[in-house]
Amino acid sequence: MTAGASPRPVGSAFLIGYAVAYIGAFIGVAPLLQVLAPLHAGLIDGEAKGPLLSQALFWGCMAAGGGNIIGGALSDRTRSRHGRRRPWIVVGAALTVCSYAFIQRSSTPLGLIGGLICFQLAFNVLLAPLIALFADRVPENRRSAMSAIMGMGYPVAAMIGSVVMAWGPQGEVARFATLAVVVLAATVPFALLSREDPVPPDQVRAPLSGFSLPSLLRPFATPDFSLAWTYRFLVVTGYSLVAFYLLFYIADAIGFSNRFPGRSAEAGHSILTAIAVVGVVGVSSIVAMGGSRITRRKPLAVAGGVLLAVAATTLATTQDWTTVVVAFAVYGVGQGCYGAIDIALMTDVLPSEVDRGKDLGLINLAVTLPQAIAPLIALVLLESLGLDFRSLFLAAAVCFGGATLAVSAIRRVR
């Protein structure tokens, strides 16, 4: 495969295996950040669970940003008979499972913070090469369909994880063990059984080349790359504000257990995430079935931003559970529009084939940095200004509106 050429056609087995690995990886992270980490923060310090969770998420996600760039760059430069991406997927999966034990055994604020740092470093060693395989192996004419399937990844993982947390094993050890089994079962067989195309000679990088700061930041000189990065950054900041504090919003702002005696906030969480996933799957399925016939990504991106902003604003201003349910249905459709084109759009604006892993790691900073910034926003709104959890959803609406403006300005993507 020469520079500029499309990847060789891949079979259905690879695409199915890749989708399973991608969704399975996120099942290992979504319930951890949305359910297990908040509950564990409450066990350590019930009075200050919000600030403690925010601090732990902030430092963990700061580590994730560096971990993703380093993981992508290392896989760019790896040469082995097993390929350059697959060995790091296996290593990342094993380290992720080890980090679960660290978090579960933490009994102090510092221990929880350290555990989430270890988790984010490990998970991004897995995620960076897994995402790079999309650019390496998926041809242009199948990217829309595959991107739509992958767009279901995090919402479906969040829904499955939330349901398992609410209705599955209730012991903390059993819950962490369940996540460990899912991560290993989804990713390791795929890494062992799939194959990689040989690296073209013009894409071979020296082990230490390209690690300077100017080289790292060079893609931002491309306006469309910067706009796409900003779009993803703002969307994920909004997502993070909603996802990280949804359990507290349901419990405290809505008073779910008081409205529905005998039901926990985790049950309400599972209901809302399941409702949102219906919208995600609906939109993503339409795009996936459209396949190569869907060549315009920008209209979906704009529609997604608008719907997400409307839904978040509604959540910030209502106290009615039925309205919350309807708003989350709209939120799910917005997630579906964004997720259906996200990875394909990001791949479209990559400035170089040589540094795909590193540049995708840089793009993934637009996922990891928001997860660090969202807790800081929460600390300001909740602690400094004394507002309640509803204010976080209004901040999310502002982020979604800004993202809509950014993606509208991209020229390279129709």
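1. Start with handedness: a crossing is called left-handed if the near helix is turned anticlockwise from the far one by less than a right angle, and right-handed if it is turned clockwise. With that in hand, look at helix α2 (residues 30-44) and helix α10 (residues 223-253), which make a right-handed crossing. Helices here are DSSP runs of H or I with at least four residues, strands are runs of E with at least two, and both are numbered from the N terminus.

2. A word on where the numbers come from. This is a predicted model, in which local features need pLDDT of at least 70 and side-chain atom pairs count only at pLDDT 80 or more, while totals for chains, interfaces and linings use all residues. Residues are numbered from 1 along each chain as its sequence is written, and side-chain values use heavy atoms, leaving out hydrogens and water.

3. Now the overall picture. The chain has 16 helices and 0 strands. Of its 414 residues, 59% count as buried (buried is under 20% relative accessible area, exposed is over 50%, and partly exposed is in between, using a 1.4 Å probe and protein chains only). Take the contacts between residues at least 6 apart in sequence: 85% of them join residues at least 24 apart. Contact here means heavy atoms within 4.5 Å.

4. Back to α2 and α10. Two packed helices are described by the angle between their axes and the distance between the axes. For α2 and α10 the angle is about 50 degrees and the axes are 8 Å apart. The axes are lines fitted to C-alpha atoms, for helices over the stretch in contact, and angles run from 0 to 180 degrees between N-to-C directions. That makes α2 and α10 oblique to each other (under 35 degrees is roughly parallel, over 145 roughly antiparallel, 65 to 115 roughly perpendicular, and the rest oblique). On the α2 side the contact uses L33, Q34, P38 and L39, and on the α10 side A243, F244, L247 and F248. Sorted by class, the contact of α2 with α10 has 7 nonpolar, 1 polar and no charged residues. In this sorting, Ala, Val, Leu, Ile, Met, Phe, Trp, Tyr, Cys and Pro are nonpolar, Asp, Glu, Lys and Arg are charged, and the others, Gly among them, are polar.

5. Next, find helix α3 (residues 49-77) and helix α5 (residues 109-137), which pack at an angle of about 30 degrees with their axes 7 Å apart. So α3 and α5 are roughly parallel to each other. Their crossing is right-handed, and the contact of α3 with α5 has 16 nonpolar, 9 polar and no charged residues.

6. Helix α10 also meets α14: their axes come within 12 Å and cross at roughly 145 degrees. Which hand does the crossing of α10 and α14 have? It is left-handed. Among the residues making this contact are Y231, V235 and Y239 of α10, and F328, Y331 and Y338 of α14. The contact of α10 with α14 divides into 16 nonpolar, 2 polar and 2 charged residues.

7. Rings of Phe, Tyr and Trp (its six-membered ring) pair if their centres lie within 6.5 Å; planes under 30 degrees apart are stacked, over 60 edge-to-face, and the rest tilted. By this rule there are 20 aromatic pairs. One of them is Y239 with Y338, edge-to-face, at 5.6 Å centre to centre and 90 degrees between the planes. Because Y239 lies in α10 and Y338 in α14 (residues 321-348), this pair ties together parts that are 99 residues apart in sequence. Y239 is buried at 16% relative accessibility, and Y338 is buried at 6%.

8. Another edge-to-face pair is Y331 with F400, at 6.2 Å centre to centre and 65 degrees between the planes. Y331 sits in α14 and F400 in helix α16 (residues 390-408), so the pair ties together parts 69 residues apart in sequence. Y331 is buried at 2% relative accessibility, and F400 is buried at 0%. Elsewhere, ring pairs link F14, Y18, Y22, F26, Y100, F119, F123, F176 and F190 into a cluster.

9. D224 is in α10 and counts as buried at 12% relative accessibility; leaving aside neighbours within four places in sequence, D224 is in contact with V349, I410, R411 and R412. T314 is in helix α13 (residues 298-317).
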